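Trainee: I would like to go through this structure and ask what stands behind each label.
Mentor: Go ahead, one label at a time.

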Amino acid sequence: MSGDMDDILLVFFQECEEQLQELERGLSALSDGESGKETINAVFRAVHSVKGGAASFGLENLVRFAHVFESSLDGLRSGRVAPTPEIVKTFLKAMDVLSDLVAEAQGGATVDTGRIEESRVELQAIIGEGSGSAGPKEDDTVPADFAPVPVDFEPVMADFDFGDFGVEEDAPADAASLVVTFSPHAAMYDRGDDARNLLIGLSDVAVAHGGTSMVTCETAALPALGSLETEKSYLSWRVVLPAAVPEESVHTVFDWVSDVCDVTITRDGGSSPGSSSQEEPAEAQAALAEPEAEPEAPVPAAVQAAPVQAPVAASHARTPTSIAEKIMAELPPAPTPAATAPIAAGNTATRRPVEQATIRVDLHRVDDLMDLVGELVIAQAALESIGQREDGGQQEMIKRIASMKTLTRDIQDAVMAVRAQPVRSVFQRMQRVVREACSMTNKDVVLTLEGEDTEVDRTLVEKLSDPLTHMLRNAVDHGIESAETRIAAGKPPTGQILLSAGHRSGRILITIKDDGGGINRERVLATAVKRGIIAPDAVLTDDEVNNLIFAPGFSTASTVSDLSGRGVGMDVVKQAILGLGGRVTINSVEGQGTTFCLSLPLTLAVLDGMLIVAAGSTMVVPVSSVVETMMVNHKDIYMLPDGANVVSIRGACMPLIPLASELGLDGYKAGGPSEEDVILVVENESGARAALIVEDIRDQAQVVIKSIEKNYRQMSGVSAATILGDGSVSLILDVPALVANALGRIDTRPSDVRTGLAA
Amino acid sequence: MTDEAGADTKLVKMIVFAVGEQEYCIPILSVREIRGFEKTTALPFAPHYVCGAINLRGIILTVIDLAVYLNVEPLPDNPRRVVVIVESRNGTVCGLLVDRVIDMADVNLADIQAVAEEDSSLSGLVMIADRMIGVLRLEVVVGQLVGGMTS
């Protein structure tokens with residue numbers, strides 16, 4: 001039973017995730033000055049959906065905040081408030097709080113109440129300002145919904161007075177008749193329920209059991225009109241039901257409100273069998289099937305403590321400064337009341353992985369896959385029938401296999417398309433990272449996103465989040481200068497960071513470009529020397545100096561700030577990107593900014609490879625890195641004084657790498673390349689080229705990438721391995737590493753400098 | 001002494017194999033399977049005792065020539081060489097190329113006579129039916145494979 005509930009909750013959180021993305025998108029559009037009606041409506045809808053869902057799960061914290069948020073957005077929607085940058089900023093902040101609250105409800109960290117309150121006040125200030133003299137809504141922490149509540153009272157009273165419920169004044173209160181008294185809390189009205197519904201429900205029950213109900217309204221608690229607080233609930237009702245009515249059916253009526261309404265059910269009008277509000281926890285237990293009962297279980301407990309003040313206490317609990325909430329803040333996640341409790345209970349550990357294991361896919365992609373699999377079945381049947389033919393059908397067979405090959409490839413593409421996801425989800429999260437970094441460093445930075453629709457394998461999308469967060473924080477903290485410095489340098493005071501994604505030659509390229517001060521190479525160099533990362537007399541190119549910031553333990557920040565400066569960030573970034581089979585390059589112009597380029601493989605599973613032979617064994621070179629192939633021409637090969645060779649290809653010189661000896665495998669003939677050898681011109685991401693000498697080119701094929709690092713150490717020049725058609729293992733070459741090695745060797749500088757840069 | 005066994009079980013089932021003239025044993029629970037020796041793919045910058053990589057139903061693993069590793073003379077032209085696929089406790093899978101697998105034996109841990117060196121690949125020696133058998137410390141052998149990066 002609770003398993004079903006978890007499933008529904010899970011769906012709710014997934015939807016929240018989507019709504020939050022929608023919200024983020026809308027607010028970004030707003031901040032770009034695009035304040036069309038559609039945009040505002042989309043934003044409003046997103047918050048509204050979150051609120052609606054949260055309410056049906058009884059996630060009080062979330063509902064309360066979403067409500068305030070929604071009210072403010074309503075001001076925007078109705079045109080009372082104009083979306084000025086200030087206001088959009090407030091909304092963005094509120095969105096962060098909202099998404100944190102969602103995370104909290106999911107069992108994440110408890111959100112700081114101060115932050116919620118701050119954002120709430122800001123939100124209310126918006127409609128406060130915007131609606132000018134609109135009186136009743138300004139009542140501080142009271143959500144606008146409260147206002148209609150007293151109005152709702154009227155019809156109830158009227159209904160009662162006019163005997164709408166089929167009340168018969170003289171209905172005999174049998175000795176065994178069932179007496180139900182209930183007093184709703186203000187929270188019940190807030191939730192959109194009404195005492196009227198309960199009365200109708202009770203009278204229905206009475207009618208169903210062949211009797212009528214007798215209703216009395218207790219107005220004793222009602223103060224004089226002058227001191228009446230509109231948002232409080234003062235009334236309670238006493239309903240006498242016929243004896244035939246079983247208690248269970250009465251419980252059913254109160255199922256949905258048991259946590260926000262005091263109910264007493266007694267037989268025989270007189271001797272109360274100690275049911276009163278103690279019964280409620282039990283009732284809540286009984287009603288586990290309905291969503292609120294679980295999360296709200298602690299509330300009745302509070303009610304027990306102060307039954308008389310119940311309505312007050314309930315409305316009190318709505319202000320974040322209330323005692324209950326203070327306790328909540330002090331006692332972090334586990335046993336606290338309200339939303340976190342039911343989720344923390346039991347399956348926090350299991351929920352997250354489960355959530356990550358699901359994927360939402362466009363239906364047409366799944367359909368494509370389905371079609372292809374159908375084709376595959378047909379192809380298999382065709383092969384089978386050929387196999388049964390008398391004459392062997394050699395020719396036919398080859399043809400079929402060829403078409404099956406295309407099919408396999410299509411299926412593979414289709415599966416990858418299913419796994420592919422736009423990087424948007426990660427990119428949009430970065431907006432928040434930048435916002436937070438800005439508020440911590442007191443800088444004003446605008447993050448522009450480009451190519452969010454670029455699709456990458458899902459595993460990659462998830463793993464990109466951490467490195468990008470690090471890099472963007474760094475960009476705000478170190479890259480962008482303070483506003484004064486910027487103005488002094490003749491730049492606009494607002495910093496710009498561009499985060500873009502795109503496909504390039506079978507890889508995904510992500511660039512993070514800021515218009516800050518660029519890398520201060522002298523300072524980097526000095527720091528590197530000071531920290532012993534390089535020798536004091538080392539001579540480095542600009543590029544190598546830039547790369548020093550990736551060295552472990554490197555940090556130029558003179559003081560460790562909240563954001564960065566601990567000297568772990570960039571090192572971790574580099575490791576993470578390398579771990580994904582990617583590479584990081586830096587381009588920095590002093591005074592104009594820094595650009596980081598991350599180049600990542602599209603998928604972690606398959607690559608197009610060229611099968612070559614070196615030292616007698618077959619190896620795989622990723623096709624994407626091969627520029628051209630050619631036969632060796634001895635006239636074009638020159639030997640450098642240190643013994644290395646360069647080859648001139650149409651005027652361009654590049655290092656010549658005899659692959660076999662480069663990999664330390666024997667079998668390479670001494671005396672330079674022979675006539676049969678083939679040259680493979682390869683290129684790394686930054687366009688540096690080298691020529692590999694291989695013995696032969698066998699084939700071109702798709703290969704499945706298999707990790708060897710799990711069972712073996714990392715090998716330089718080899719990125720992974722694959723299994724060929726004959727079952728043998730073949731190594732996949734790490735071309736950029738080979739090129740880098742070769743270029744390094746041709747270099748004139750002493751080798752100890754370079755080894756320092758190996759990291 | 002061996003960390004290959006639980007605290008209370010004194011008897012450990014070992015698989016005994018021969019490398020050259022010498023016999024060695026490892027706990028049978030660390031053995032995944034035994035298969036014939038096939039052609040391996042040479043690995044760059046590999047230590048000299050690594051024969052290369054093989055494909056075990058989709059898992060790529062390296063094969064260690066125990067004769068080279070332990071520095072003993074292998075039997076010449078032995079067609080019965082087999083690869084013992086072992087899995088070390090940290091999950092690393094690798095193959096050990098041995099000359100032949102002899103049998104299984106119950107070894108009482110108390111009977112193992114420790115050898116002096118702490119980090120040696122032999123954790124001790126044990127007598128089984130008058131034969132002196134070395135007890136291999138798998139973690140050390142396999143650990144060196146995954147260890148540091150070559151450059």
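Trainee: How many helices and strands does the secondary structure of chain B come to?
Mentor: Chain B has 2 helices and 11 strands. Helices (H or I, at least four residues) and strands (E, at least two) are DSSP runs, numbered from the N terminus. Before going on: this is a predicted model, in which local features need pLDDT of at least 70, side-chain atom pairs count only at pLDDT 80 or more, and totals for chains, interfaces and linings use all residues. Residues are numbered from 1 along each chain as its sequence is written, chains are lettered from A and ligands numbered from 1 in the order in which they are written, and side-chain values use heavy atoms, with hydrogens and water left out.

Trainee: What makes Ser465(A) buried?
Mentor: Its relative accessible area is 10%. Buried means under 20%, exposed over 50%, and partly exposed in between (1.4 Å probe, protein chains only), so Ser465(A) counts as buried. The residue lies in helix α20 (residues 458-479) of chain A. Leaving aside neighbours within four places in sequence, Ser465(A) is in contact (heavy atoms within 4.5 Å) with Val426(A), Arg429(A) and Met430(A).

Trainee: Why is the pair Glu628(A) and Arg650(A) called a salt bridge?
Mentor: The term asks for a side-chain nitrogen of Lys or Arg within 4 Å of a carboxyl oxygen of Asp or Glu. For Glu628(A) and Arg650(A) the N to O value is 2.7 Å, so the pair meets the definition. Glu628(A) lies in strand β14 (residues 626-631) of chain A and Arg650(A) in the loop between β16 (645-649) and β17 (652-658), so the pair ties together parts 22 residues apart in sequence. Arg650(A) is exposed, at a relative accessible area of 68%.

Trainee: What separates Glu396(A) and Arg400(A) in helix α18 of chain A?
Mentor: About one helical turn, because they are 4 residues apart in that helix (residues 394-419).

Trainee: Which residue forms a salt bridge with Asp106(B)?
Mentor: Lys13(B), with the closest N and O atoms 3.3 Å apart. Asp106(B) is in strand β8 (residues 100-108) and Lys13(B) in strand β1 (residues 11-19) of chain B, so this pair ties together parts 93 residues apart in sequence. Asp106(B) has a relative accessible area of 48% and is partly exposed; Lys13(B), at 42%, is also partly exposed.

Trainee: What is the area buried between chain B and chain A?
Mentor: About 2100 Å², of which carbon and sulfur atoms give 60%. Buried area is the accessible area (1.4 Å probe) that two parts lose on being put together, summed over both. In chain B, Pro44(B), Phe45(B) and Ile60(B) lose the most area to chain A, together 31% of what that side buries. The contact takes 27 residues from chain B and 21 residues from chain A.

Trainee: How do you know that helix α8 of chain A reaches close to its expected span?
Mentor: The expected span is 1.5 Å times one less than the number of residues. Helix α8 (residues 195-208) of chain A has 14 residues and reaches 20 Å from its first C-alpha to its last, close to the 20 Å expected. Just after α8(A), Gly210(A) takes a positive phi of about 75°.
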